[in-house]
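This briefing is intended for a reader who is meeting the structure for the first time. Please look over the sequence and the model, and then read the points below beside them.

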Amino acid sequence: MLVVVEQMLNGLQFGLLLFLLAAGLTLVFGIMDFVNLAHGSLYMMGAYFAATFVAWTGNFILGCVMALGATLLLGILLEFVALRHLYNRDHLDHVLATFGLILFFNDAVRLIWGPAGLALPLPSWLTVPVQILPGVNYPAYRLSIIAVALLVAALLYVVVMRTRIGMLIRAGASNREMIGALGINIKLLFTLVFGLGAALAGLAGLMQAPILTVQIGMGENILILAFVIIVIGGIGSIRGAFMAAIFVGMIDTLGRAFLPDLLRKVLSSTAASTAAPAMSSMLIYLLMAIVLVVRPEGLFPAAKR
Amino acid sequence: MKSAFNLRTIVVALVVAGLVLLPVYSALTGKVFILTMFTRIIILALAAASLNLIMGYGGMMSFGHAAYLGIGGYAVGILAFEGIGSGFIQWPVALIASALFALVIGALSLRTRGVYFIMITLAFAQMAYYIASSLSRYGADDGLTIYKRSNFGGLIDLSNRTQFYYVCLACLLGGIYLIWRIVNSRFGLVVQGVRSNEQRMQAIGFHANRYRLVCFVISGTICGLAGALLANNTDFVSPAVMYWTRSGDLMVMVILGGMGTLFGPVIGAIVFLLLEELLSQITEYWAMIMGPLLLLIVLFARGGIMGLLARFSRG
Amino acid sequence: MAEHLLRVENLMRRFGGLVATDNLSLEVVTGELHAIIGPNGAGKTTLISQLTGQLMPNSGAIHFAGQDITTLPSYKRSGLGLARSFQITSLLRDFTAADNVALAAQAHAGHSYRFWGNARKEAPLREAAHAALARVGLAKRADVPVSELSHGEQRELELAVALATKPKLLLLDEPMAGLGVTESQRMVALLKELRKEVTIVLVEHDMEAVFALADRITVLVYGRVIACGKPDEIRNNDEVKRAYLGDQHAVTRHG
């Protein structure tokens, strides 16, 4: 039972991280109709920046804030130098150009930080276990990830649903000509949205960094998960991304944790240990396939274009 | 128009002649590595040509085409591992397995369009990648060594470098001939019509998605053959051959050479892989140059090399 | 009494709260040219889309040539002999005029799962294409890519494509839209010829053309049929005058 609670929290935490990544992706796609494969690179850069700045300043929080700022700036720079020239192209061009960026970032990281991964050690006050239920301890750091991510999700919700800029973003997601007609500086809005997406990706990366190693290519697998999430949730929909992210995070985590035991009950133990990892990695894609068959536009499609 | 056609034809003829004569050059100069390198280029050119069939002619932007390289390769590898060495069994199995995978993936993915399709095919290929990574009997992440190449009795000996090279070249040229016939056939015109305007094709009486699916399966099958060749070439198959960056490479080859042109993918594959080779000799960090180069190609060289040739000869 | 080629019964189609097709019934007799008119937003294109199967009705039934086709997908309706031309020209732009028509002929000449022979060299398909092109006066433009044809020529090509499917019923969605005066006259002359061979449902804004061509006219307002009859009856119908012909001049000028 205790294990179940712990794994549910792990699932929630992973789901929230995925949401941060997917939110940026879906915003950029929803409002600019731009497919950004290099989103995973920004996630990676967030983690590398954090590892560097924390080591440099000796202060975890300060280092993370600096890393966040650096990813934001990098995102804006990227948009300004390269990506804004691609908005009028088709999706295939987006995919290829940002694929090129991934190649670039991976090797740039290898050149700067070396091929070996980095570690981002936690300060001692974040490593203590916290008692969340009688007899159930949970790492403070993972709890704080949940807290921060929920806070950011709430902020994002308020910004998108309640503010003027959020109104423009939503209007842009459903009708791009309209915001142009309103006399809004679209270029600036696009740069801002892209920067926001980059910062969210960076945040996800730097928060994940202490749990996993910081390494080259760390953004790629999780990027594909984020794509699965926005396909399931419906492209352009923040709400859909949130629901789908939690869902995917839970299924992935719980599947990995409990599927081997479940399988062992029906199969021989060697067969189970062979099949379980494959099956738990496949669960997500299976889920996506089912969603696509039933609702090709995703579960929570954004307003019709 | 006429001269553009001629310049392209000349380039293609030179490339084909070069590929046919390459083993002679290699034998005369004793540069074995050239033969090995071009064997790989030819195999990946076949994979790119198969991708071009759905991407260039069918308008289906598959980002998971490397999956078939893996499936074809694993068909050969697993059968060899289990003691079935005959190519007459291995290769048909590779083709059928790829066709079946394409059928399932296509039937699901073709319910979607545009960027959804790109992402779905990507996700399914990743799924195949994870399945391969968990095949602990067949080496899991580390891959599977193939100790004996596919055996075709006394007919051909694949362990002979030159013979294997010509088998690959024959597969490439045969594949392109097949694609040429398909593209100009009734079926091919329907597929291209659907790319151009699906609603219209539907209105004049074509079940658009069924044609798309058949095209998707043909393309996957051809790529499965490339997979079987690739496994024989490296004597090894691992999940890495279907990693998504490999799918990206194939897309780049198609675009670079010229999407929707018959020989574009071949030229794209040659240029891309030679460039990779060249850059990696200059610097360990070749991808730092290749990445921005891709960006520049997308920004400034629409229509790929074939497009440039056409423009160049038009003045 | 001639038989009904097309019978629409109590068709309903809603978009959210908006009723685009409101309990609409309609009969088209074999051999007639049946025009459908109505002010902007009367639901004419929505109706056509439901007839061809691009859009499914919420309720009601559509019978064509004695068969219930209400839920049939569009490619199957085309096989039964129902052809449409599009309001916004939607030809295959990167194909030649002859290719466009030949594909339509191909759709009705056996299956297209033939992977080997060169379809552009199949004489029956090419001949059918050239016959249809000649029919609309485009014989000389056969090998010109669609993107290089004039707007009027594209309209004529639309007709050729529809004809090549050997339809029993031709649904024409505003064939005059965007045409100049001479081009319009050519189109009217062409339609006068075509109506001898095939039953036509014509949706059109150009009132002059409609009254010159139609055997019967159905008037739609807000998705409902408010009148149906011979041109003279429609001209003298009080409800039509009130609801629609009052601003006929405005409409004609826009058209």
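Two residues are said to be in contact if their C-beta atoms, placed from the backbone, lie within 7 Å. By this criterion, 20 residues of chain B are in contact with 29 residues of chain C. The model is a predicted one. The points below treat chain B, its side of the interface, and then parts of chain C.

**The side of chain B that touches chain C**

- Helix 6 (161-184), helix 7 (186-196) and helix 8 (198-203) of chain B are the elements that give two or more residues to this side.
- Helix 7 of chain B provides the largest share, six residues.
- Sorted by class, this side of chain B has nine polar, eight nonpolar and three charged residues.

**Chain B as a whole**

- Chain B contains 13 helices and two strands.
- The C-alpha trace of chain B spans about 50 × 45 × 40 Å along its principal axes.
- Of the 315 residues in chain B, 57% are buried.
- Among contacts in chain B with a separation of 6 or more, 77% are between residues 24 or more positions apart.

**The six-stranded sheet of chain C**

- Chain C has an open sheet of six strands in the order 6-7-8-3-9-10, and the pairing is mixed.
- Strand 6 (82-85) and strand 10 (224-229) of chain C stand at the edges; each has a single partner strand, so one side of each is left without a neighbour in the sheet.
- From one strand to the next, the twist averages 15°.
- Strand 9 (residues 216-221) of chain C pairs with strand 10 of chain C in the antiparallel sense, over five bridges.
- Within strand 10 of chain C, the residue opposite C:V219 is C:A227.

**Strand 3 of chain C and the strands beside it**

- Strand 3 of chain C runs parallel to strand 8 of chain C, and four bridges join them; C:I36 has C:V203 in strand 8 of chain C as its bridge partner.
- Strand 3 of chain C also pairs with strand 9 of chain C in the parallel sense, over four bridges, and C:I37 stands opposite C:V219 there.
- In a regular strand the side chains alternate between the two faces of the sheet.
- In strand 3 of chain C, both faces are covered: C:L33, C:A35 and C:I37 are buried on one side, and C:H34 and C:I36 are buried on the other.
- In total, five of the five residues of strand 3 of chain C are buried.

**Helices lying across the sheet of chain C**

- Helix 1 (residues 44-52) of chain C lies across strand 3 (33-37), strand 6, strand 7 (169-173), strand 8 (199-203) and strand 9 of chain C, and runs at about 150° to strand 7 of chain C.
- Helix 5 (residues 151-164) of chain C lies across strand 6 and strand 7 of chain C, and runs at about 170° to strand 6 of chain C.

**A residue of helix 5: C:G152**

- C:G152 lies in helix 5 of chain C.
- Leaving aside residues up to four places away in sequence, C:G152 touches C:L179 and C:E183.
- The C-alpha atoms of C:G152 and C:F115 are separated by 35 Å, and these residues are 37 residues apart along the chain.

Technical notes
Residues are numbered from 1 along each chain as its sequence is written. Chains are lettered from A and ligands numbered from 1 in the order in which they are written. This is a predicted model: local features need pLDDT of at least 70, side-chain atom pairs count only at pLDDT 80 or more; totals for chains, interfaces and linings use all residues. Ala, Val, Leu, Ile, Met, Phe, Trp, Tyr, Cys and Pro count as nonpolar, Asp, Glu, Lys and Arg as charged, and the others, Gly among them, as polar. Two strands pair if DSSP finds at least two bridges between them. Axes are lines fitted to C-alpha atoms, for helices over the stretch in contact, and angles run from 0 to 180 degrees between N-to-C directions. A residue is buried if 20 or more other C-beta atoms lie within 10 Å of its own, exposed if 12 or fewer, and partly exposed in between; C-beta atoms are placed from the backbone.
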